[in-house]
Amino acid sequence: MTDVEQARDPVAAVDALVAAVDPGLTSPGVDSSDAVLVTGPWLAGTSSLLAALRERLPEHRFVEADDLGPVEAPAAVVFVVSAVAPITESDCALIDRAAQHTDLVIGAVSKIDVHRNWRDVLDENRRVLAAHAPRFADMPWVGVAAAPDLGETKVDELVDLLRTRLDDDEVKRRNRLRTWESRLDAVIARYERDGAGADRHARVEALKERREAVQRDRRVSKSERTIALRSQIQQARVQLAYFARNRCTSVRTELQEDVSAMTRRRLPDFQAYVTTRVGEVVDEVEAGITKHLGDVAGELGLTAPDQPPPPSPPEVPDPPLKSRRTETRLMMVLGAGFGLGVALGVSRLFAGLAPGLTIAGLAAGGVIGLLVTVWVVGMRGLLSDRAVLDRWIVEVTNALQAVVEERVATRVVAAEAELTADLGRRDEADAKATAAQVAEIDAELREHAIATARAAALRDRRLPPLQKALETVRAELAS
Ligand SMILES: Nc1nc2c(ncn2[C@@H]2O[C@H](COP(=O)(O)OP(=O)(O)OP(=O)(O)O)[C@@H](O)[C@H]2O)c(=O)[nH]1
Ligand SMILES: [Mg+2]
C-alpha cells in the first residue's frame with residue numbers, strides 16, 4: 001500500500017503506525033466492519049430500536065450481538081438502556097464487552113415516551129459510566145422512543161448522530177486505534193499471566209498437596225502396621241497360652257473322673273487311652289496355634305507363617321502300680337487275719353445254734369472267711385491303685401502343659417520373626433511405589449517450572465515492544 005492509499009484509508013494508516021513501533025504487529029486479528037451493533041440489557045428495547053434504525057437508515061447494516069462475527073469490530077455501538085432506572089454494574093460490564101474494539105459508542109435511553117424523568121436517568125447513566133471508565137466520559141447520550149405506546153417514534157437525534165459519525169474518517173481511525181488498544185492489552189495480559197504461571201498455579205498447588213499426602217499416607221500406614229503387628233502378636237501370646245493351659249486342665253479333670261470310676265477290667269487299657277488323649281490335646285493346641293497365627297497374618301495382609309513339623313507328644317511313663325509287694329503282703333496278712341476271725345465267728349455261731357452241725361459250721365466258716373479275705377484284699381488294692389493313678393494323671397498333665405506352653409512360646413516367637421520380615425518386605429515395596437509416585441509428581445512439577453520460566457523469558461522479550469505499541473496507540477487516542 002502506498003503512502004497516498006494509506007492516507008486515504010484510516011485503518012491502514014493506524015496499522016502502519018503500530019507496525020512502525022514493532023514490525024511483528026501487522027494486524028490486531030480483528031476486522032473492522034461497517035456494521036452497527038445495537039445492544040443492551042434484557043428488555044431494554046433493543047429489538048424495537050434496531051427495527052426503527054433499519055427503517056430510517058437502510059444504507060447501514062444494524063446487528064444485534066448474536067449476529068456479529070467473532071472477529072468483527074463494529075463501526076459503532078448503540079448501547080440501549082431503559083429509562084425506567086439508571087444502569088448498574090452488570091450493565092457496565094456489558095458495555096465494556098460490546099465496545100472493546102470500537103471507539104464510537106452512543107448511549108440510548110429508551111422508552112422516553114413513558115418515563116418523564118428520562119433526562120435524570122440519562123445524566124445518572126453518564127455519571128456512572130464516566131466513573132466506570134474514563135473512555136466513556138465523553139460519549140454521546142440520546143433519548144429514544146422506538147416503539148412508543150402512543151404517538152410517533154423518537155429516534156431522530158440518534159439517526160442524525162449516526163449519519164454524521166459513521167462516515168467520519170476520524171471515527172474510523174479512532175475505532176481502529178481502540179481495536180489495537182484492546183488487543184494489545186489482552187496480549188500483554190496474557191504474556192504476564194503466562195510468565196507468572198497463573199494458569200498453572202492451581203495445578204502446581206494441587207500437585208504439591210498430592211505429593212505431601214502421598215508421603216504422609218505412607219508414613220502413617222507404615223507405623224500403623226508395625227503397631228498392629230506388635231499388638232496382635234502380644235495378644236496371640238496371651239490367648240494361646242491361656243488356651244493351652246485350659247485344654248490341659250480340662251483333660252486332667254476328665255481323666256481324673258475316669259480314674260475315680262476305674263474298675264479292674266479297664267485298668268490294663270488305661271495307659272494307652274491316656275497316651276491317646278495326650279496326643280489329641282497336643283494336636284488340638286497345635287491346630288489352634290496355626291489357625292490363630294494364620295488369622296493374624298490375614299488381618300494384616302501378610303503371608304501366613306510356615307507350619308513347622310508337628311511336635312512329638314510328651315512321653316507317658318508307666319503308672320507306678322507294680323511296686324506294692326510289701327504292702328500287698330501286709331494286706332494279705334491282715335486280710336487273712338480278718339478272714340480267720342470271720343471264719344471262727346461263723347463256726348462258733350453254728351456250734352452254739354446246733355451242736356450237731358459243728359463240722360458243717362467249721363466248713364462254712366472257713367469258706368466265708370476265705371471269701372471275705374479275698375474281697376477285702378481286692379478292694380483295698382483297687383482303692384490304692386486309684387490313688388496312685390490320680391497322682392500319675394497330675395504328673396502326666398503337668399508334663400503335657402509344659403510341652404504345649406513351650407510349643408506356644410516357640411511358635412509365636414517364630415511367627416513374630418517371620419511376619420516382621422514379611423512386613424519389612426512389604427514396606428520396602430510400598431516405599432518403592434511411593435517413591436515412583438513422588439518422582440512422577442516431581443517430574444510434572446519440573447515441567448511446569450520450566451514452562452513457566454520459558455513463558456517468563458518470552459514475556460520479558462515481548463513485553464517492551466508491545467507496551468511501546470500500546471503507549472503509542474493510547475497517545476493517539478488521547479490526542
Ligand atoms: N413504551 C415503550 N415501550 C417500549 C419501547 N421500546 C420497547 N418497548 C417495549 O419494551 C419491551 C421490550 O422491547 P424489545 O424491543 O423486545 O426489547 P429487547 O431489549 O429487544 O428485549 P429482549 O430481546 O427480550 O431482551 C416490549 O414490550 C416493547 O413493547 C418504547 O419506546 N416505549
Ligand atoms: Mg430483543
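This is a predicted model: local features need pLDDT of at least 70, side-chain atom pairs count only at pLDDT 80 or more; totals for chains, interfaces and linings use all residues.
User: What should I know about the numbering and the pLDDT limits?

Analyst: Residues are numbered from 1 along each chain as its sequence is written, and chains are lettered from A. Local features need pLDDT of at least 70 and side-chain atom pairs count only at pLDDT 80 or more, while totals for chains, interfaces and linings use all residues; side-chain values use heavy atoms, without hydrogens and water.

User: Why is helix 2 called oblique to helix 7?

Analyst: Helix 2 (residues 10-21) packs on helix 7 (residues 169-196) at about 40°, with the axes 8 Å apart. Angles under 35 degrees count as roughly parallel, over 145 as roughly antiparallel, 65 to 115 as roughly perpendicular and the rest as oblique. Helix 2 is therefore oblique to helix 7.

User: Which residues of helix 2 and helix 7 meet?

Analyst: From helix 2 come Pro10, Val11, Val14, Asp15, Leu17 and Val18, and from helix 7 come Asp169, Lys172, Arg173, Arg176, Leu177 and Trp180; contact means heavy atoms within 4.5 Å. By class, this contact has seven nonpolar, no polar and five charged residues. Nonpolar covers Ala, Val, Leu, Ile, Met, Phe, Trp, Tyr, Cys and Pro, charged covers Asp, Glu, Lys and Arg, and the others, Gly among them, are polar.

User: What makes helix 7 and helix 11 roughly antiparallel?

Analyst: Happy to show you! The axes of helix 7 and helix 11 (residues 358-478) cross at roughly 160° and come within 8 Å. With that angle set against the limit of over 145 degrees, the two helices are therefore roughly antiparallel. Their contact has 16 nonpolar, three polar and eleven charged residues.

User: How is helix 8 oriented relative to helix 9?

Analyst: Helix 8 (residues 198-260) and helix 9 (residues 267-299) pack at about 160°, with axes 10 Å apart. That makes helix 8 roughly antiparallel to helix 9. In this contact there are 15 nonpolar, four polar and six charged residues.

Definitions and conventions
Axes are lines fitted to C-alpha atoms, for helices over the stretch in contact, and angles run from 0 to 180 degrees between N-to-C directions. Helices (H or I, at least four residues) and strands (E, at least two) are DSSP runs, numbered from the N terminus.
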